[in-house]
Amino acid sequence: MKLKWKYEINNIDWDELSYLYKIAPLGDKKAEDLKTVFTNSRYRCFVYDDAKIIGVGRALADGVDVSYIADVAIHPEY
């Protein structure tokens, strides 16, 4: 299995990410809300197995001293 790690938010399928949150389980999050929170996070990472998103994480940070991990979701099959 070769996994791809992506750090940009362009071309993210926010509906697919919403589904991942639901099954991870991190709750029922709207796709548009996830786009907002990931856009506003300083650090983010999306992990893909082929074209399927299987993991995600994000952190809020001040850029100098402190960073807070906000969410980590992993597909239950992984």
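The buried residues of helix 2 are covered by, among others, helix 1 (14–23), strand 2 (43–49) and strand 3 (52–61). Here helices (H or I, at least four residues) and strands (E, at least two) are DSSP runs, numbered from the N terminus. The model is a predicted one, in which local features need pLDDT of at least 70 and side-chain atom pairs count only at pLDDT 80 or more, while totals for chains, interfaces and linings use all residues. Residues are numbered from 1 along each chain as its sequence is written, and side-chain values use heavy atoms, with hydrogens and water left out.

Which residues of helix 2 are buried? In helix 2 (residues 31–39) they are Ala31, Leu34 and Phe38, where buried means under 20% relative accessible area, exposed over 50% and partly exposed in between (1.4 Å probe, protein chains only). These residues lie on the same side of helix 2, because they cover an arc of only 55 degrees around the axis; the arc is that of the directions from the helix axis to the C-beta atoms. An α-helix has 3.6 residues a turn, so residues three or four places apart point the same way.

Helix 1 meets helix 2 with axes that come within 8 Å and cross at roughly 95 degrees. The axes are lines fitted to C-alpha atoms, for helices over the stretch in contact, and angles run from 0 to 180 degrees between N-to-C directions. Helix 1 is therefore roughly perpendicular to helix 2 (under 35 degrees counts as roughly parallel, over 145 as roughly antiparallel, 65 to 115 as roughly perpendicular and the rest as oblique). On the helix 1 side, the contact (heavy atoms within 4.5 Å) involves Trp14, Asp15, Leu17, Ser18 and Tyr21, and on the helix 2 side Ala31, Leu34, Lys35 and Phe38. Six of the contact residues are nonpolar, one is polar and two are charged. In this grouping, Ala, Val, Leu, Ile, Met, Phe, Trp, Tyr, Cys and Pro count as nonpolar, Asp, Glu, Lys and Arg as charged, and the others, Gly among them, as polar.

Aromatic rings come next. There are three aromatic pairs in the structure; rings of Phe, Tyr and Trp (its six-membered ring) pair if their centres lie within 6.5 Å, and planes under 30 degrees apart count as stacked, over 60 as edge-to-face and the rest as tilted. Trp14 and Phe46 make an edge-to-face pair, because their ring centres are 6.4 Å apart and their planes stand at 80 degrees. This pair links distant parts of the chain, with Trp14 in helix 1 and Phe46 in strand 2, 32 residues apart. Both Trp14 and Phe46 are buried. Phe38 and Phe46 form a tilted pair, at 5.2 Å centre to centre and 35 degrees between the planes. Phe38 has 0% relative accessibility and so counts as buried. Ring pairs join Trp14, Phe38 and Phe46 into a cluster.

In the loop between helix 1 and helix 2 sits Pro25, and the peptide bond from Ala24 to Pro25 is cis, with omega near -15 degrees. Most residues other than glycine have a negative phi, and most peptide bonds are trans. Asn11, in the loop between strand 1 (3–6) and helix 1, has a positive phi near 65 degrees. Asp50, in the loop between strand 2 and strand 3, has a positive phi near 60 degrees. Asn11 counts as exposed at 73% relative accessibility, and Asp50 is exposed with a relative accessible area of 71%.
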